[in-house]
Amino acid sequence: MGVPRGATGHAVVDHPRRAVGTVVFVVFLDLVGFGIVIPILPYYVRSFGVGDVFIGLLAATYSLTQFLATPVLGRYSDRWGRRPVVVLSLAGSAVAWSVFGLADLTGDLGGAAVGVATLFLARALAGAMGGNIAAAQAYVADVTPPERRAGALGLVGASFSLGFIFGPAIGGALASETAVRAAAGLPIPATRFSLPAFGAAAMSLIALAVALVALEEPDRHRTTAERTTLVGSFATALRDPALRGLVVAFFLVSVAFAGVQVMFIPFVADAPAYRFDASAAALLLTYVGVLGALNQGILVGRLADRVGSARLAVGGASILLVALAALPFAPELGRALPALGGPAWLGRELVALLAVLGLLSFGNGLLNPSLATLVSASSDAERQGTAFGVTQGAGSLGRTVGPPVAAALYALAYWSPFVAGAAVVLPVIALLVGVVRRERRG
């Protein structure tokens, strides 16, 4: 049954809050599945006897295929509808993670080269299907009026943070010896690598079931079936003055943040003030994820109502710049603090690190949904999916470029990838200040 469009140009659904909640829940489940495989990924690659370079290549494969697929899925969601694209991509993710879990078996049958090839094939498919975020964001933009869009898109961002909180924890549990022994009688390959992968596939299947049952397609005008290449989509966006700066901003922010994410754990493992093992580093990541979920789920919408998305994006980028530049010097900042009371493990260096990570999470939590809101406002109602597809594709390209560059810089000087990330954010601030000035003139 069709539903009319609202006076403000958004598509009205019978229960808009339930519709947004359904999309947020689907994205959350999908991201939990992605997060489940994170703890096992390096060890899975090493189990085939290949070098660590393949870990980086495997990570880049996901981001690269996501970059290639996101604009396409976003454009098709404009033409076919949001729901069919979300459903198709969730089904594809379930297949991809299932194949990922079978790499052990294919390696036993065909040798290490076949097993590694299976990992890359599955990872490439998972990355392509991960491009569904463009359709999900466009759906939210369809069913929410402009004045509430920042808060709704902030909930999508919060689902990312929550997915990365729960996913790795579930993956670690499924990779445990207890889980492997418990699954020994099941008719599936049960190893510390296959079980997390199958768990990720199960999450995608649950999300697929929710989408099939509860996700309503908005009634809106759909674009004609124009054929546009990936390069054409980006060229069109870069010719649009309203979108050009936002596409560049998405790329630069992703380069900076992805590089820092990759090198953060080596930093806290190598720094004499910390020497954290994997468990302690995981707790830090959980701390950042919890703060990110709170920031994007609660603060963004309220702050956007008061100051506007463009100014909020400038503030978020500025905070992110300061946090990135301060992160490698957290031990020195901690030693400058006065003596603190409290438990022995909570030293001044750790307090400083937690404060900087809180600042990092806050800046990123303000910036990303604000950028998404600006993208929505810069595109007409019929091309929301295309616009989100291009900007998210730019983000995927940034996540492909950032980690290897950051790793190379880290080998030269431990502080350099963080400071370089801060430098990369500088032009983002300049671009966003330009958006604020155009709004004032308008």
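Reader: Which helices each supply at least two residues of the lining of the second largest pocket?

Author: They are helix 1, helix 8 (146-174) and helix 13 (278-307). Helix 13 gives the most, with seven residues. A helix here is a DSSP run of H or I with at least four residues, a strand is a run of E with at least two, and both are numbered from the N terminus. This is a predicted model, in which local features need pLDDT of at least 70, side-chain atom pairs count only at pLDDT 80 or more, and totals for chains, interfaces and linings use all residues. Residues are numbered from 1 along each chain as its sequence is written, and side-chain values use heavy atoms, with hydrogens and water left out.

Reader: What makes something a pocket and not a cavity?

Author: The test runs on a 1 Å grid over the protein atoms alone. A cavity is a set of points where a 1.4 Å probe fits but cannot get out, while a pocket is an open set with protein on both sides within 12 Å along at least five of seven lines. A residue belongs to the lining if it has an atom within 4 Å of a point. The second largest pocket has 18 lining residues, and those nearest its centre are Arg 17, Arg 148, Gly 151, Ala 152 and Leu 155. Its space is about 420 Å³, where a volume is the space filled by probe spheres set on grid points joined across faces, edges and corners.

Reader: How do the residues of the lining of the second largest pocket divide?

Author: There are eight nonpolar, five polar and five charged. Ala, Val, Leu, Ile, Met, Phe, Trp, Tyr, Cys and Pro count as nonpolar, Asp, Glu, Lys and Arg as charged, and the others, Gly among them, as polar.

Reader: How many cavities of 30 Å³ or more does a search of the whole structure find?

Author: The search finds three. The largest cavity has a volume of about 60 Å³. Its lining consists of Val 26, Val 27, Asp 30, Val 86, Leu 90, Asn 132, Ile 133 and Ala 136. By class these are six nonpolar, one polar and one charged. At least two lining residues come from each of helix 1 (16-36), helix 4 (82-101) and helix 7 (133-143), and helix 1 has the largest share with three.

Reader: Why is Gly 35 called buried?

Author: Buried means under 20% relative accessible area, exposed means over 50%, and partly exposed is in between (1.4 Å probe, protein chains only). Gly 35 has 0% relative accessibility, so it counts as buried. Gly 35 belongs to helix 1. Beyond its neighbours within four places in sequence, Gly 35 is in contact (heavy atoms within 4.5 Å) with Gly 167 and Pro 168.

Reader: Why does Leu 291 count as partly exposed?

Author: Its relative accessibility is 22%, and therefore it counts as partly exposed. Leu 291 sits in helix 13. Setting aside neighbours within four places, Leu 291 is in contact with Gly 358 and Ser 361.

Reader: Why does Ala 256 count as buried?

Author: The value for Ala 256 is 3% relative accessibility, so the residue is buried. Ala 256 is in helix 12.

Reader: What makes Val 143 buried?

Author: Val 143 has a relative accessible area of 2%, so it is buried. Val 143 lies in helix 7. The C-alpha atoms of Val 143 and Pro 16 are 6.1 Å apart, although the two are 127 residues apart along the chain.

Reader: What makes a set of residues a nonpolar core?

Author: A nonpolar core is a set of buried Ala, Val, Leu, Ile, Met, Phe, Trp, Tyr and Cys residues joined through side-chain atoms within 4.5 Å. The largest one has 109 residues, and Phe 100, Leu 353 and Leu 432 have the most contacts inside it. Helix 12 (residues 241-270) gives the largest share of this core, 14 residues. A second, separate core has five residues, among them Val 300, Ala 304, Leu 312 and Leu 366.

Reader: How many helices and strands are there in the protein?

Author: It has 18 helices and zero strands. Of its 442 residues, 51% are buried.
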